[in-house]
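Ready for some practice with helices and pockets? Have a look at the model below, then work through the exercises one step at a time.

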Amino acid sequence: MSLPLLSREDLADLPDADQEAFVQLEEIARRRLYENGEDDQNGHVYYPHMAEYMTRVSALAEEFGVPGIQYNRSATTENEFNRFIHAVDFQTTQINVRVARENAKSLVDFRDNSRTKIQHHLEQMKQIIIESDIPERRARSLLDRISDFEKELAKRRVNIAVAMAVIALSLAAARDFQEIATDLVRPTEAITEVVSQEQVQHEETTQLRVELAKAKQLNAPPKAITDQTTDRAKGAFDELDDDVPF
């Protein structure tokens, strides 16, 4: 049985940035396209499914302002699908590179004791959410963001944007569901404090490195300056000296 390439549920939790939202939805649509192909005993994706993919993705590209992706509906061959896939890959590669470079600006070195503290408070938050009666969709969304944050904590450098997403969703849940407000706010505020401290520490360290680099440049020994006049005179003397017969 073929799966729809996109559903309303897929649209419920998109990144704020248009092009990032496009990349996320395109990945979902392409994955389901090939999953539908697995239903065929030869693993073949039928052209109607390809056409559905191109229709949906070209609509997404138009909606989110991603250039260079057009579906030629008059073409009905796999060549058009291959051309379309290449155009999509070109755009998504560029978007992913831009996002990666932008995210690098938000990466912060967390100290080990801070990672331990944050993980402790995340465990508290998960327990509160699991034991609560808040709607399943809201609970799952927050638990997924917590999971993302835990993965970040395992990395050498932590993306502050991931931490802020957890904090924002947690405070929103505390505001909307009074029965867990007090319990949920406490670990959220503790995490906010630790993250803020690490961000300040990171900024101070970065600024110190900049100042040290400037100081090294100022204190570097000057380059030796050749006296070109003396060199020219010396060269002329050497030429005359070659003419002396002794």
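**Exercise 1.** Work out how helix α4 and α5 pack, and which residues meet.

*Solution.* Step 1: start with the geometry. Helix α4 (residues 112-131) packs against α5 at an angle of about 165°, and their axes are 11 Å apart. Helices here are DSSP runs of H or I, at least four residues long, numbered from the N terminus. Axes are lines fitted to C-alpha atoms over the stretch in contact, and angles run from 0 to 180 degrees between N-to-C directions.

Step 1: name the arrangement. α4 and α5 are therefore roughly antiparallel to each other (the label for angles over 145 degrees).

Step 2: list the partners, where contact means heavy atoms within 4.5 Å. From α4, R115, I118, Q119, L122, E123, M125, K126, I129 and I130 meet A139, L142, L143, I146, F149, E150, E152 and L153 in α5.

Step 3: sort them by class. This contact of α4 with α5 has 11 nonpolar, 1 polar and 5 charged residues. Ala, Val, Leu, Ile, Met, Phe, Trp, Tyr, Cys and Pro count as nonpolar, Asp, Glu, Lys and Arg as charged, and the others, Gly among them, as polar.

A quick note on the model: it's predicted, so local features need pLDDT of at least 70 and side-chain atom pairs count only at pLDDT 80 or more, while totals for chains, interfaces and linings use all residues. Residues are numbered from 1 along each chain as its sequence is written, and side-chain values use heavy atoms, with hydrogens and water left out.

**Exercise 2.** Which residues are closest to the centre of the largest pocket?

*Solution.* Step 1: of the 35 residues lining the largest pocket, D13, P15, Q24, R145 and D148 are the closest to its centre.

Step 1: α5 gives the largest share of the lining, 10 residues.

Step 2: by class, the lining divides into 16 nonpolar, 4 polar and 15 charged residues.

Notes. 1 Å grid on protein atoms, 1.4 Å probe; cavity = no way out; pocket = protein on both sides within 12 Å on 5 of 7 lines; lining within 4 Å. Helix = DSSP H or I, 4+ residues; strand = E, 2+ residues; numbered from the N terminus. Parallel < 35°, antiparallel > 145°, perpendicular 65-115°, else oblique.
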